Amino acid sequence: MPNDITGLIGWALAGSVPVVVIGSVALRLFRNRSLGLSMAVLVLIPTLATLCGFLAVSGLMFTDALARMAVVLIVVTAVTVPAAIVLGRSQARQLVWEKQMLDQERAAEASRRELVAWVSHDLRTPLAGIRAMGEALADGLVDRGADVQRYGTQVVRETTRLSAMVDDLFEMSKINAGALRLTMEPLDLRELIDDVVAAWTPAATRSDVKLSAVQPHSSILVSGSDKALTRVLTNLLANAIAHTPPGGAIEIHAGAANTHAWARVDDTGPGIAAADLPRIFEAGYRGSVARSPGADDGGSGMGLAIAAGLLAVHDGEITARNRNPGARFEIRLPLLPDAPDRDEPAAERATSSGVPR
């Protein structure tokens with residue numbers, strides 16, 4: 001009996017091991033080509049190895065028992081191979097999704113840590129100034145009259161700056177958490193641009209920057225939040241004014257083509273360093289040439305990140321690139337279904353308004 005068992009094991013190994021070896025080689029060859037093919041080979045290896053093991057033990061004698069077993073193996077194979085392919089692809093998608101989510105969580109955590117460190121530094125500066133001025137006033141070190149008024153004005157300015165930072169942090173946190181809820185309504189993008197240009201005309205004039213808008217005569221209808229899209233345009237225009245030198249120019253162009261509306265803010269500033277372009281819309285990121293509203297005017301430094309987040313809620317996008325000279329920030333929004341398609345050059349049907357230097 002022991003010899004019979006030893007012989008059965010030997011013949012079974014002789015029939016099945018070659019199949020396993022061949023299957024391993026096939027898996028190695030197909031692992032980077034087709035997931036479905038790899039899963040089929042993986043399922044077929046034990047099935048064919050079992051069949052070849054039985055054939056070797058039976059001495060290649062096709063008995064009724066062997067025939068019945070072969071039928072069972074064929075049926076099992078017909079069921080398990082498609083199931084394995086489907087389940088394998090599903091598992092692969094799940095693993096890829098989990099890896100992407102893990103990578104996103106790690107990137108978000110790194111970004112949060114960087115933002116916290118940056119905000120802590122920026123909040124400390126105005127707080128230190130307010131504390132110093134408050135102590136001076138409390139200790140009677142400031143003469144009454146003009147000095148007290150100057151200190152009071154400075155305190156108000158710094159607290160306003162801190163309030164703006166806190167508001168931006170709150171809005172950024174809502175965007176990142178997906179908790180931002182906006183009321184969408186039909187809007188004419190041209191009207192929003194006119195309002196923002198009018199609001200920022202005094203700032204452009206004080207900075208000796210020429211500001212102009214070039215827009216078509218026909219409406220550019222989009223679905224969006226008036227407040228949110230105004231904030232986007234405001235952040236872009238404030239960014240452009242802050243980084244355009246005296247005597248420079250800023251132009252806002254708007255139009256529509258195919259299924260999207262677009263608006264571009266072109267400035268004649270120093271442009272954006274190539275290393276900064278991939279991260280220009282990250283909250284709190286400051287590269288070699290800071291391009292966020294507030295980099296030079298004491299703001300929160302999150303204007304571009306907030307603009308990108310607000311546009312994402314509108315199913316829109318924002319891009320940045322360098323021009324010669326300056327930089328261009330462009331936003332794109334879906335047109336309303338009943339909005340007319342416009343793809344002719346804007347210069348043929350545009351009006352412009354300028355701010356004198």
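Residues are numbered from 1 along each chain as its sequence is written, and side-chain values use heavy atoms, with hydrogens and water left out.

Let me start with confidence. The mean pLDDT of the chain (the predictor's confidence in each residue, from 0 to 100) is 77, and 78% of the residues reach 70 or more. Residues 289-298 have a pLDDT below 50, and this stretch has 36 contacts (heavy atoms within 4.5 Å) beyond near neighbours in sequence. Residues 341-357 are also below 50, with 40 such contacts in the model. Where pLDDT is low, the predicted coordinates should not be read in detail.

Now to the overall make-up. The chain has seven helices and eight strands; these are DSSP runs, numbered from the N terminus, with helices (H or I) of at least four residues and strands (E) of at least two. Of its 357 residues, 37% count as buried, which is to say under 20% relative accessible area, with exposed meaning over 50% and partly exposed in between (1.4 Å probe, protein chains only). Among contacts with a separation of 6 or more, 71% are between residues 24 or more positions apart.

How many residues make up the largest nonpolar core? There are 47, where a nonpolar core is a set of buried Ala, Val, Leu, Ile, Met, Phe, Trp, Tyr and Cys residues joined through side-chain atoms within 4.5 Å. Ile 193, Leu 236, Ile 250 and Ile 331 touch the most other members. Elements giving two or more residues include helix 4 (146-177), helix 6 (226-242) and strand 7 (327-334). Helix 6 provides the largest share, eight residues. Setting aside residues up to four places away in sequence, Leu 236 touches Val 265, Leu 304, Ile 318, Phe 329 and Ile 331.

Helix 7 is mostly covered, with eight of its eleven residues buried; Leu 304 and Ile 306 are among them. After this helix comes Asp 315, whose phi is positive, near 60 degrees.

I turn to the salt bridges, each a side-chain nitrogen of Lys or Arg within 4 Å of a carboxyl oxygen of Asp or Glu. The structure holds seven. In one of them, Asp 266 pairs with Arg 328, with the closest N and O atoms 2.7 Å apart. Asp 266 lies in strand 5 and Arg 328 in strand 7, so this pair ties together parts 62 residues apart in sequence. Asp 266 is buried at 5% relative accessibility, and Arg 328 is buried at 18%.

Glu 317 forms a salt bridge with Arg 332, at 3.8 Å between the closest N and O atoms. Glu 317 is partly exposed at 44%, as is Arg 332 at 28%. Through shared partners, salt bridges join Arg 264, Glu 317, Glu 330 and Arg 332 into one network.

Finally, the surface. Ile 5, Ile 9, Leu 13, Val 17, Val 21, Val 25 and Leu 29 make a nonpolar patch of about 610 Å². Patches of this kind consist of residues with over 30% relative accessible area and no salt bridge, nonpolar side chains (Val, Leu, Ile, Met, Phe, Trp, Tyr) being joined within 5 Å; areas come from the Shrake-Rupley method with a 1.4 Å probe. Ile 9 is in helix 1 (residues 2-30) and is partly exposed at 48%.

Definitions and conventions
This is a predicted model: local features need pLDDT of at least 70, side-chain atom pairs count only at pLDDT 80 or more; totals for chains, interfaces and linings use all residues. Patches are made of residues with over 30% relative accessible area and no salt bridge: like charges are joined within 9 Å, nonpolar side chains (Val, Leu, Ile, Met, Phe, Trp, Tyr) within 5 Å.
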